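User: I would like to learn how to read salt bridges in a model. Please take me through the case shown here.

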Amino acid sequence: MNFPELKYFSWQDFLCKCGKEHTIQEYPMEFIGFVEWVDAVLRPACTFPFYISSGWRCPEHPIEAKKLMPGPHQIAALDIVCSHKNATTILGCSYLYNDITGRGISQRGNVDRRFIHIDPLEATVYRPRPHVWSY
């Protein structure tokens with residue numbers, strides 16, 4: 001099985017950046033469906049290109065390896081590099097998808113390091129949803 005075709009992105013934009021090769025079978029189906037939505041709905045709604053700084057992360061990814069429980073990026077989550085007007089647009093357009101339940105906002109410091117986190121995860125005891133937070 002191969003990754004589905006995308007119009008605006010390459011699958012490399014969303015894959016774990018731990019340095020290991022991963023097969024499509026390792027990626028959760030929720031993640032694949034979420035990426036397809038980003039490509040088919042969110043990106044066209046925003047009307048400008050944007051860059052994914054962090055997509056799926058495997059359990060060996062340095063950030064995930066420190067966690068006691070899998071984080072959102074091990075299931076289905078994205079960090080989108082953006083600031084100012086583009087951050088407002090991306091955040092607003094994320095509401096087009098009723099299943100987006102997590103929104104994190106990092107808009108301080110270097111413009112190149114600012115981002116919006118979005119995820120469609122269900123609530124758990126350890127992960128309240130819907131939820132908005134800042135970094």
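Analyst: In this predicted model, Glu64 is buried, with a relative accessible area of 2%. Its salt-bridge partner is Arg57, and the closest N and O atoms are 3.0 Å apart.

User: Is Arg57 buried or exposed?

Analyst: Buried means under 20% relative accessible area, so Arg57, at 8%, counts as buried.

User: Which residues do salt bridges with shared partners join into one network?

Analyst: Arg57, Glu64, Lys67 and Asp79 are joined in this way.

User: How many salt bridges are there by this rule?

Analyst: The count is five. One of them pairs Lys20 with Glu60, with 3.5 Å between the closest N and O atoms. Lys20 lies in the segment before helix 1 (29–46), while Glu60 lies in the loop between strand 1 (51–54) and helix 2 (62–65), so this pair ties together parts that are 40 residues apart in sequence.

User: How accessible are Lys20 and Glu60?

Analyst: Lys20 counts as partly exposed, at 45% relative accessibility. Glu60 also counts as partly exposed, at 48%.

User: What is the N to O distance between Asp119 and Arg129, and where do the two residues lie?

Analyst: Their side chains meet in a salt bridge at 2.9 Å, N to O. Asp119 belongs to strand 4 (residues 115–119) and Arg129 to the loop between strand 4 and strand 5 (131–134); the pair links distant parts of the chain, 10 residues apart. Asp119 counts as buried at 0% relative accessibility, and Arg129 counts as buried at 14%.

Key
Residues numbered from 1 in each chain as written. Predicted model: local features only at pLDDT ≥ 70, side-chain atom pairs only at ≥ 80, totals over all residues. Heavy atoms only, no water. Salt bridge = Lys/Arg side-chain N within 4 Å of Asp/Glu carboxyl O. Helix = DSSP H or I, 4+ residues; strand = E, 2+ residues; numbered from the N terminus. Buried < 20%, exposed > 50% of the residue type's maximum accessible area, 1.4 Å probe, protein only.
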